[in-house]
Amino acid sequence: MGLRKSQNKQTQATVLKKFIKKGSNFRDDEGYPTDVPRGHFVVYIGDTRSRYVVPISWLHHKGFQSLLQRAEEEFGFNHEMGLTIPCHEQDFLSLLSVIG
């Protein structure tokens with residue numbers, strides 16, 4: 001069972017790296033948003049899909065990893081339009097105050 005968890009974490013990390021790399025290659029002439037600074041990525045939160053630009057360094061925070069796991073379970077990571085995290089916006093804002 002420990003091997004399976006390790007493989008799942010490795011798979012999740014690989015998918016996230018590909019997702020972030022894809023987002024970091026966006027260019028103005030391709031019609032993608034230019035307001036996302038290097039080293040950041042976009043997440044959409046809750047039912048209203050409120051948009052937040054967060055630093056990549058947050059991927060190492062346990063609370064954020066928990067949200068990513070929920071997102072993977074509910075939606076998977078194969079999105080064209082950014083990462084959607086299924087939580088209440090107020091919960092996400094509370095996490096922001098802890099991380100930032």
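The model is predicted, and local features are taken only where pLDDT is at least 70, side-chain atom pairs count only at pLDDT 80 or more, and totals for chains, interfaces and linings use all residues. Residues are numbered from 1 along each chain as its sequence is written, and side-chain values use heavy atoms, with hydrogens and water left out.

## The overall picture

Let us start with the chain as a whole. The protein chain has three helices and three strands, arranged along the sequence as α-β-β-α-β-α. Helices (H or I, at least four residues) and strands (E, at least two) are DSSP runs, numbered from the N terminus. Of the 100 residues in the protein chain, 31% are buried. Here buried means under 20% relative accessible area, exposed means over 50%, and partly exposed lies in between (1.4 Å probe, protein chains only).

The protein chain exposes about 7200 Å², and carbon and sulfur atoms supply 51% of that area. Accessible areas come from the Shrake-Rupley method with a 1.4 Å probe; for residues, only the protein chains shown count as cover. Contact means heavy atoms within 4.5 Å. Among contacts between residues at least 6 apart in sequence, 50% join residues at least 24 apart.

Helix α2 covers residues 62-75, and at 1.5 Å a residue its 14 residues should span 20 Å, which agrees with the 20 Å between its end C-alpha atoms. That expected span is 1.5 Å times one less than the number of residues. Which residues of α2 are buried? They are Phe64, Leu67, Leu68 and Ala71. These residues cover an arc of only 100° around the axis, so they sit on the same side of α2. The arc is that of the directions from the helix axis to the C-beta atoms. On the face of α2 turned away from this buried side are the exposed residues Lys62 and Glu73. Gly76 follows α2 and has a positive phi, near 80°.

Helix α3 (residues 89-99) has Phe92, Leu95 and Leu96 as its buried residues. Seen down the axis of α3, they fall within an arc of 105°, so they line one face of the helix. The cover over the buried residues of α3 includes β1, β2 and α2. Turned away from that buried side, the other face of α3 carries the exposed residues Gln90, Ser97 and Val98.

## Residues around the strands

The loop between β1 (40-45) and β2 (50-55) is worth a look. Arg49 lies in this loop, and has a positive phi of about 55° although it is not a glycine. The side chain of Arg49 makes a polar contact of 2.4 Å with that of Thr84. A polar contact is a pair of N or O atoms within 3.5 Å; within protein, one must be able to donate a hydrogen and the other to accept it, and residues adjacent in sequence count only if both atoms are side-chain atoms.

Thr84 itself is in strand β3 (residues 83-85). Leaving aside neighbours within four places in sequence, Thr84 is in contact with Tyr44, Arg49, Ala71 and Phe75. Asp47 is also placed in the loop between β1 and β2. Asp47 and Cys87 are 40 residues apart in sequence, and their C-alpha atoms are 8.1 Å apart in space.

Strand β2 includes Ser50. The side chains of Ser50 and Glu89 are joined by a polar contact of 3.0 Å. Not counting residues up to four places away in sequence, Ser50 touches Val43, Tyr44, Ile45 and Glu89.

How many salt bridges does the structure hold? There is one salt bridge, the term meaning a side-chain nitrogen of Lys or Arg within 4 Å of a carboxyl oxygen of Asp or Glu. The partners are Arg51 and Asp35, with the closest N and O atoms 2.9 Å apart. Arg51 lies in strand β2 and Asp35 in the loop between α1 (2-24) and β1, so the pair ties together parts that are 16 residues apart in sequence.

The table gives the accessibility of the residues discussed in this section.

| Residue | Relative accessible area | Class |
|---|---|---|
| Thr84 | Thr84: 7% | buried |
| Ser50 | Ser50: 17% | buried |
| Arg49 | Arg49: 32% | partly exposed |
| Arg51 | Arg51: 33% | partly exposed |
| Asp35 | Asp35: 46% | partly exposed |
| Asp47 | Asp47: 85% | exposed |
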